[in-house]
Amino acid sequence: MLASFLLALREGLEAALIVGIVLAALRKLNRTHLSSAVWNGVVAAVGFSTLAGLGLNWLGAEFEGRAEEIFEGITMVLAAGLLTWMIVWMRRQSVGMQKELEQGVANATAGQENRWALFWLAFLAVGREGLELVLFLAAVQMTSDAFQTVTGALFGLTASFALGTVLFVSSKRMSLRTFFNVTNVLLVLFAAGLLAHGVHEFNEAGIIPPVIEHVWDVNPILNEKGTIGQLLTAIFGYNGNPALTEILAYVAYFVGASALWKKLTPAPFRRVVA
């Protein structure tokens, strides 16, 4: 539940900030009568993402045996890669995102088809966040209970909506740098776990050899099937008896992520609505 909550909170807040910037830009341009087009785009994006999620869930249910292991492995590796890209993108683009969106709104309202332009601006922006979340939740569901995954996601989206509303209506300048820095660290740990778990599925399918099947076995101390073990598995990809290739994937990810992190210039992400 915690993993899906964190992912939904992060993705939901990014979407809320984007919508907030667009609505604030319309307010500055005295074009608030076009806000309905933005909200229509948001609703359409949510509906599209929901259908994509249902389709991905149905597709996964159709596979059995080795095909299921391959499907889960691919989904987890893709989710880990996309999650890493999302963190990097937000760190690099957060400073200029407000200006770019405001310019996009200005261009959209300048044309005769301004309602459709605003609709697509909101649809594409929110839809991207929604599709990312769908893939992340599909990966989480493979290591956790479906009910807990959905419940955590709903709580996360609710919290992100509430926080986004506070940011939009508040008269104070609020810094989100700490929030994104903390969630970045947690999401990097989660992405490493997804990658390692994906390699585990490929081990099971016989695509990637384990080399050493069980490097260690601490299940008698902290069983991965127990309550705490399942929580650690869902969040960090914990495995009580990992194969050598799982460990190598985990370590390689952290080495790569650490090197990339040092190259990124810290970008303060401040309140982006007037």
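Student: Is Ser-49 buried or exposed?

Tutor: Bear in mind that this is a predicted model. The idea is to look at how much of a residue's area stays accessible, and under 20% means buried. Ser-49 has 7% relative accessibility, so it counts as buried.

Student: Where does Ser-49 sit, and what is it in contact with?

Tutor: Ser-49 belongs to helix 2. If you ignore neighbours within four places in sequence, Ser-49 is in contact with Gly-127, Gly-130, Leu-131 and Val-134.

Student: Which other residues of helix 2 are buried?

Tutor: Here's the general idea to start from. An α-helix has 3.6 residues a turn, so residues three or four places apart point the same way. In helix 2, the buried set is Ser-35, Ala-37, Val-38, Gly-41, Val-42, Ala-45, Ser-49 and Gly-60.

Student: How do I read the span of helix 2?

Tutor: Compare the end-to-end reach with what 1.5 Å a residue would give. Helix 2 covers residues 35–62, which is 28 residues, and reaches 41 Å from first C-alpha to last, close to the expected 40 Å.

Student: Now packing. How do I describe the way helix 1 sits against helix 2?

Tutor: Two packed helices are described by the angle between their axes and the distance between the axes. For helix 1 and helix 2, the axes come within 10 Å and cross at roughly 165°. Angles over 145 degrees count as roughly antiparallel, and therefore helix 1 and helix 2 are roughly antiparallel to each other. The crossing is right-handed.

Student: Which residues make that contact?

Tutor: Helix 1 brings Val-19, Val-22, Leu-23 and Leu-26, while helix 2 brings Ser-35, Val-38, Trp-39 and Val-42. Sorted by class, the contact of helix 1 with helix 2 has seven nonpolar residues, one polar and no charged ones.

Student: And what about helix 1 with helix 4?

Tutor: Read it by angle and distance again. Helix 1 (residues 2–28) and helix 4 (residues 114–141) pack at about 175°, with their axes 9 Å apart. That angle makes helix 1 roughly antiparallel to helix 4. By class, their contact has 16 nonpolar, one polar and four charged residues. Among the residues that meet are Glu-11 and Glu-14 in helix 1, and Glu-129 and Glu-132 in helix 4.

Student: What do the buried residues of helix 5 pack against?

Tutor: They pack against helix 1 and helix 4. The buried residues of helix 5 include Thr-149, Gly-152, Gly-156, Ser-160, Gly-164 and Leu-167. Take Leu-167 in helix 5: at 2% relative accessibility, Leu-167 counts as buried. Leu-167 and Leu-17 are 150 residues apart in sequence, yet their C-alpha atoms are 8.2 Å apart in space.

Student: Where does Val-211 lie, and what is its phi?

Tutor: Val-211 lies in the loop between helix 6 (177–205) and helix 7 (227–236). Its phi is near 65°, again positive in a residue other than glycine. Val-211 is exposed too, with a relative accessible area of 59%.

Conventions: Residues numbered from 1 in each chain as written. Predicted model: local features only at pLDDT ≥ 70, side-chain atom pairs only at ≥ 80, totals over all residues. Heavy atoms only, no water. Axes fitted to C-alpha atoms, helices over the stretch in contact; angles between N-to-C directions. Helix = DSSP H or I, 4+ residues; strand = E, 2+ residues; numbered from the N terminus. Parallel < 35°, antiparallel > 145°, perpendicular 65-115°, else oblique. Contact = heavy atoms within 4.5 Å. Nonpolar A, V, L, I, M, F, W, Y, C, P; charged D, E, K, R; others polar. Expected span 1.5 Å × (residues − 1). Buried < 20%, exposed > 50% of the residue type's maximum accessible area, 1.4 Å probe, protein only. Left-handed = near helix turned anticlockwise from the far one by under 90°.
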